[in-house]
Amino acid sequence: MKDFKFSLWNKIIGWTVFAVALITYALTVEPTASFWDPGEFITTSAKLQVGHPPGAPLFQMVGAFFSWFAPEATQIALMVNLVSVLSSAFTILFMFWSLSLLIRKIAGSAETLSAGGKMAVLGSSAVGALAFSFTDSFWFSAVEAEVYAMAMCFMSAMFYVGLLWERDMLKPRGNRWLILLSFLIGLTFGVHFLGLLTIPAIGYLYYFKYTEKITVKNFIGATAVVVGVLLFIFLFLLPYTLTFFAGSEVFFINSIGLPFDSGTLIAGLIVAAIFYFVLRYTRKRGYIKLNTIALCVLFIFVGFSSWIMLAIRANAGTPINE
């Protein structure tokens, strides 16, 4: 027992919990369309059509990929439903690893724990993850073609990456997790805005890491900052970017007389040029924090780029275009 390798068993038990959830949801998945939105999501995913606003382009593209493997047309609904099955199983996997990290903050690191302590951490994480696997609401969304299962997957992945960032924050390359987190934030816009609710929790990880003395005043200040970051991304960054692209398209077509899509192309080149010069300048000057912020914003845009699919398919004259 002295040679108990925590890292190895953390991976083994994590994937075992994943397998339990995957088999459970696969055995209970809806064989066809269920009530409310799943019928629409199955139809729009299979043919990459445009569903109801604000849209779920990433979910639809993943659903289209899964639909390719349907042996016959009657199995397409089942294949798109399996997107939620797989997403939910990954949610449980990331939840297990998140619990493992959190419990070790209370019980002690893997280096200081005894073999029994390590087994207690792994057992507690497995119980927590599996308990959530069989909760009513989560299981219900795990077996039908709805965006909530994939949104929960992004939430659990984002929080796990946030914990990895908190763990390595003071290391030279610790901010690589923050950049990955930014990419996931951009991706979750292509599924459901629910994933953005993880941002305040991750902001508090930073606050508790760097704050030596917790007071009411600095806690309120930290709350204002994390809510501000959430509102900046949700209400300003991406919506006004779309407004800029739309305004550019209208201006260059109506005012200058250029052909369709020229304004969008010019706006894209302007945004790319801004990032190029900002990243080059901050790296040359050694502004590490500003460079990291610019990279984070850039990777949010990279993840958000799935929304281009909506415009492309809307212009393709699809039968369903909401």
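**Figure 1. Overall view of the predicted all-residue model.**
Local features require a pLDDT of at least 70, side-chain atom pairs count only at pLDDT 80 or more, and totals for chains, interfaces and linings use all residues of this predicted model. Numbering starts from 1 along each chain as its sequence is written, and side-chain values use heavy atoms, with hydrogens and water left out. The protein has 13 helices and zero strands. Both are DSSP runs numbered from the N terminus (helices: H or I, at least four residues; strands: E, at least two). The C-alpha trace spans about 75 × 60 × 35 Å along its principal axes. Of the 322 residues, 44% are buried. Buried means under 20% relative accessible area, exposed over 50%, and partly exposed in between (1.4 Å probe, protein chains only). Among contacts with a separation of 6 or more, 70% join residues 24 or more positions apart. Contact means heavy atoms within 4.5 Å.

A pocket is an open set of points on a 1 Å grid over the protein atoms alone, where a 1.4 Å probe fits, with protein on both sides within 12 Å along at least five of seven lines; lining residues have an atom within 4 Å of a point. Grid points are joined across faces, edges and corners, and a volume is the space filled by probe spheres set on the points. Helix 8 (176–188), helix 9 (198–210), helix 10 (216–255), helix 11 (262–285) and helix 12 (288–304) each supply at least two lining residues. Helix 12 gives the most, with nine. The lining divides into 27 nonpolar, seven polar and five charged residues. Ala, Val, Leu, Ile, Met, Phe, Trp, Tyr, Cys and Pro count as nonpolar, Asp, Glu, Lys and Arg as charged, and the others, Gly among them, as polar.

**Figure 2. The second largest pocket.**
About 840 Å³ of space lies here. Of the 23 lining residues, Leu242, Phe245, Thr264, Trp307 and Ile308 lie nearest the centre. Helix 10, helix 11, helix 12 and helix 13 (308–314) each give two or more residues to this lining. It holds 16 nonpolar, five polar and two charged residues.

**Figure 3. Surroundings of asparagine 81.**
Asparagine 81 belongs to helix 4 (residues 76–107). At 0% relative accessibility, it counts as buried. Its side chain reaches the backbone oxygen of threonine 32 at 3.0 Å. Beyond neighbours within four places in sequence, asparagine 81 is in contact with Val29, Glu30, Pro31, Thr32, Ile42, Val143, Glu144 and Ala145.

**Figure 4. Aromatic pairs.**
The whole structure contains 32 aromatic pairs. Phenylalanine 65 and phenylalanine 69 are edge-to-face, at 5.2 Å centre to centre and 75° between the planes. Rings of Phe, Tyr and Trp (its six-membered ring) pair if their centres lie within 6.5 Å; planes under 30 degrees apart count as stacked, over 60 as edge-to-face and the rest as tilted. Phenylalanine 69 counts as exposed at 53% relative accessibility. Phenylalanine 94 and tryptophan 97 have ring centres 6.4 Å apart and planes at 65°, so this pair is edge-to-face. They sit three residues apart in helix 4, about one helical turn. One aromatic cluster comprises Trp15, Phe18, Phe90, Phe94, Trp97 and Tyr160.

Definitions and conventions:
A polar contact is a pair of N or O atoms within 3.5 Å; within protein, one must be able to donate a hydrogen and the other to accept it, and residues adjacent in sequence count only if both atoms are side-chain atoms.
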